[in-house]
Amino acid sequence: MFSYRHAFHAGNHADVLKHTVLVAMLRHLTEKDAALTVLDTHAGAGLYRLDGDYAQTSGEAADGVLKLASGTDLAPALADYASVVAGFNTGNKARVYPGSPFIAHHLLRGHDRLKLFELHPTDARTLAGNIAQLEAGRQIAVFSEDGFEGVKKFLPPPARRALLLCDPSYEIKSDYARVAAMVTDALKRFATGTYAVWYPIIPRPEAHDLPRRLKTLATKAGKSWLHATLTVKSSKITVTAAGQEQRPGLPASGMFVINPPHTLKAALQPALPQMVALLGQDRHAAFGLESGG
Ligand code: SAM
């Protein structure tokens with residue numbers, strides 16, 4: 001079974017990028033009255049305690065969301081994301097971090113629908129328990145099953161408006177190929193959906209290839225796309241004085257969106273350099289933002 005647990009990473013720089021993009025997309029997509037279906041293929045546990053044992057062990061939020069201190073003059077998209085996180089907390093310091101299911105639910109209207117997939121039995125149980133407390137009834141459905149396969153039955157959605165977030169842990173090398181296959185299939189089932197894929201930027205050929213594959217398949221399908229990346233530090237392995245190799249942890253990640261809302265690029269333009277300024281850890285910190293189609 002998988003060992004990845006998002007609780008160790010909640011609120012890290014990758015979540016800041018991913019969830020800022022998610023909030024910006026949802027803001028736009030909920031402007032129209034027609035019902036929106038949000039599909040979260042890899043939902044995680046839903047809510048995380050930043051002062052809990054998992055989070056304390058790695059302290060990744062300290063280098064991520066907690067750097068967006070209140071009082072900083074944030075770009076609108078980053079300020080919007082920070083205010084969504086603040087909505088789950090009282091006081092100045094965030095102790096609770098909302099994962100993608102709770103961020104989505106926070107921004108959806110009563111007639112929108114949220115479908116959540118989580119395969120890890122413990123996280124699926126925690127997710128179901130957290131969601132039950134929302135008393136959202138039929139608005140939210142939790143599936144303890146494979147998200148790559150599970151989403152198929154919801155495409156196309158009833159009101160023909162959907163946002164799909166695909167955020168695997170990429171613990172298994174085959175996840176990269178499964179992402180590309182799922183997006184290819186989803187575009188055939190529902191060509192006008194918005195498809196957002198998070199991926200790690202690490203020295204691994206599959207990771208390197210994924211945005212290129214997504215760009216190619218979006219272009220072949222005649223769809224617009226947007227690609228945003230955030231690097232916070234060098235990916236080099238260093239050696240300590242005692243001769244021990246030190247891996248840097250996740251140095252960078254990207255969000256690739258097919259059929260992005262037309263407002264997304266302008267929203268990210270001022271937010272990404274600010275993420276670099278606030279979260280960057282060394283001179284390798286940088287962002288990328290390109291679009292096409
Ligand atoms: N999307 C969440 C968020 O933003 O708050 C975080 C998700 S975490 C990066 C990835 C999750 O996918 C893990 O909880 C893992 O257990 C789950 N997972 C792994 N393989 C899966 C699969 N095939 N289908 C559904 N969930 C899976």
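**Strands, helices and loops**

Guide: In this predicted model, strand E8 and strand E11 (residues 252–258) pair in the antiparallel sense over seven bridges.

Visitor: What stands opposite Trp 225 there?
Guide: Ile 258 in E11 does.

Visitor: And how many bridges join E8 to E12?
Guide: Seven, and E8 and strand E12 (residues 286–292) run antiparallel. In that pairing, Leu 226 stands opposite Ser 291.

Visitor: Switching to helices. At what angle do H7 and H8 pack?
Guide: About 10°, with the axes 9 Å apart. H7 spans residues 174–189 and H8 residues 205–220. An angle under 35 degrees counts as roughly parallel, so that is what H7 is to H8.

Visitor: Which residues of H7 and H8 meet?
Guide: From H7, the list includes Tyr 176, Val 179, Val 183 and Leu 187. From H8, it includes Glu 206, Leu 210, Arg 213 and Leu 217. By class, the contact has 10 nonpolar, one polar and two charged residues.

Visitor: OK, loops. Where is the cis peptide bond at Pro 156?
Guide: The cis bond runs from Leu 155 to Pro 156, with omega near 0°. Pro 156 lies in the loop between helix H6 (147–150) and strand E6 (162–166).

Visitor: Which residues other than glycine have a positive phi?
Guide: Among them are Glu 135, with phi near 45°, and Tyr 170, with phi near 55°. Glu 135 is in the loop between helix H5 (121–132) and strand E5 (140–143). Tyr 170 is in the loop between E6 and H7.

Visitor: Is Glu 135 buried or exposed?
Guide: Glu 135 is exposed, at a relative accessible area of 71%.

Visitor: And Tyr 170, buried or exposed?
Guide: Buried, with a relative accessible area of 5%.

Visitor: Last topic, the whole chain. How many helices and strands?
Guide: The protein chain has nine helices and 12 strands. Its radius of gyration is 18 Å, close to the 19 Å from the globule rule for 293 residues, so the chain is as compact as a globular protein of that length.

Visitor: What does the C-alpha trace span?
Guide: About 60 × 45 × 40 Å along the principal axes. Of the 293 residues, 52% count as buried.

Visitor: What about contacts between residues at least 6 apart in sequence?
Guide: Of those, 80% join residues at least 24 apart.

Definitions and conventions: Residues are numbered from 1 along each chain as its sequence is written. This is a predicted model: local features need pLDDT of at least 70, side-chain atom pairs count only at pLDDT 80 or more; totals for chains, interfaces and linings use all residues. Side-chain values use heavy atoms; hydrogens and water are left out. Two strands pair if DSSP finds at least two bridges between them. Helices (H or I, at least four residues) and strands (E, at least two) are DSSP runs, numbered from the N terminus. Axes are lines fitted to C-alpha atoms, for helices over the stretch in contact, and angles run from 0 to 180 degrees between N-to-C directions. Angles under 35 degrees count as roughly parallel, over 145 as roughly antiparallel, 65 to 115 as roughly perpendicular and the rest as oblique. Contact means heavy atoms within 4.5 Å. Ala, Val, Leu, Ile, Met, Phe, Trp, Tyr, Cys and Pro count as nonpolar, Asp, Glu, Lys and Arg as charged, and the others, Gly among them, as polar. The radius of gyration is taken over C-alpha atoms; the globule rule is 2.2 Å times the number of residues to the power 0.38. Buried means under 20% relative accessible area, exposed over 50%, partly exposed in between (1.4 Å probe, protein chains only).
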